[in-house]
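I opened my notebook to jot down what I looked up in this structure.

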Amino acid sequence: MVRFYIARHGQTLLNSLDRAQGWADSPLTEAGKQMAADIGQKLKGIDFDAVYTSDMLRAVQTAEMILEAGGKGGVPIEKDARLREWCLGCMEAENNAVFIKNVSDWLGGIASFAELNQRLPDVAAAIYEHDTTGMAEPFQTIESRLKSVFADAVQKDGMQGSTDILIVTHAFAIKTIFHLFAPEQLSGLGKVKNASVSRLIFENGIFSLEPDIQL
């Protein structure tokens, strides 16, 4: 059995300014640092066999603080660009209300987060099609890079009985992970909050996902 603890990073400067944040990066706020420390305290009973994080500053900072708060500062962190957030292209650092309205307009109107989550591939396609920077990715590319992280981790770290792995990544990336492994749970996922933790279990060749677990 392999247990992946999938955390979203703590609050960042751009989060606090209500700005959309994909490949645009910003450091954790003091509140964000405390969120990361709180996760570390709650997970301190777990001896992580491996830690993987997006290569974005906010994710790396969160992973470092989780480990430090949990007394596991010596566990190495492997930075992996495949765990990056979606690139939002020309919508990077846009006001969130404007970002959501634009995406909704492109898709003919979205009434709720539940509908946005259910239409995740359409959302990615709309961002990709309307991007003027040439940096946004098709949904299939995002899916492929995220799925490969877990497949590789199972092969590398999951062959020695029970294994616990910490993953620190981003909101849309986490929604994509749900789309891959638990699509029936997407509509009820809502907004992925800063420092939320979900658990993905791989056992007997099957992945199962538990959203926003209570630590």
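**Helix pair α2 and α3**

I started with α2 and helix α3 (residues 57–69), which pack with their axes 7 Å apart at an angle of about 45°. This is a predicted model, so I'm keeping that in mind for every entry.

Next I asked which residues make the contact between them. On the α2 side I wrote down K33, A36, A37, I39, G40 and Q41, and on the α3 side T62, M65, I66 and A69. Sorted by class, the contact of α2 with α3 has 6 nonpolar, 3 polar and 1 charged residues.

**Helix pair α7 and α8**

Then I moved on to helix α7 (residues 139–157) and α8, whose axes come within 10 Å and cross at roughly 80°. The range 65 to 115 degrees counts as roughly perpendicular. α7 and α8 are therefore roughly perpendicular to each other.

I listed who meets whom here. From α7 I have F139, I142, E143, L146, K147 and F150, and they meet A173, T176, I177, H179, L180 and F181 in α8. The residues of this contact of α7 with α8 divide into 8 nonpolar, 2 polar and 2 charged.

**How covered is α8?**

I checked how many residues of α8 (171–181) are buried. I found 9 of its 11 residues buried, so the cut-off matters: buried means under 20% relative accessible area. Helix α8 is mostly covered. Among the buried ones I noted F172, I174, K175 and F178, along with A173, T176, I177 and F181.

**A look at S26**

My last stop was S26, which sits in the loop between α1 (13–16) and α2 (30–42). Is S26 buried or exposed? S26 has a relative accessible area of 5%, so it is buried.

What does S26 touch, leaving out residues up to four places away in sequence? I got T12, L13, L14, Q21, L57 and R58. The S26 side chain makes a polar contact with the side chain of T12 at 3.3 Å, and another with the side chain of Q21 at 2.7 Å. I also noted that S26 and L13 are 13 residues apart along the chain, with their C-alpha atoms separated by 5.8 Å.

Terms used:
Residues are numbered from 1 along each chain as its sequence is written. This is a predicted model: local features need pLDDT of at least 70, side-chain atom pairs count only at pLDDT 80 or more; totals for chains, interfaces and linings use all residues. Side-chain values use heavy atoms; hydrogens and water are left out. Helices (H or I, at least four residues) and strands (E, at least two) are DSSP runs, numbered from the N terminus. Buried means under 20% relative accessible area, exposed over 50%, partly exposed in between (1.4 Å probe, protein chains only). Contact means heavy atoms within 4.5 Å. A polar contact is a pair of N or O atoms within 3.5 Å; within protein, one must be able to donate a hydrogen and the other to accept it, and residues adjacent in sequence count only if both atoms are side-chain atoms. Axes are lines fitted to C-alpha atoms, for helices over the stretch in contact, and angles run from 0 to 180 degrees between N-to-C directions. Ala, Val, Leu, Ile, Met, Phe, Trp, Tyr, Cys and Pro count as nonpolar, Asp, Glu, Lys and Arg as charged, and the others, Gly among them, as polar. Angles under 35 degrees count as roughly parallel, over 145 as roughly antiparallel, 65 to 115 as roughly perpendicular and the rest as oblique.
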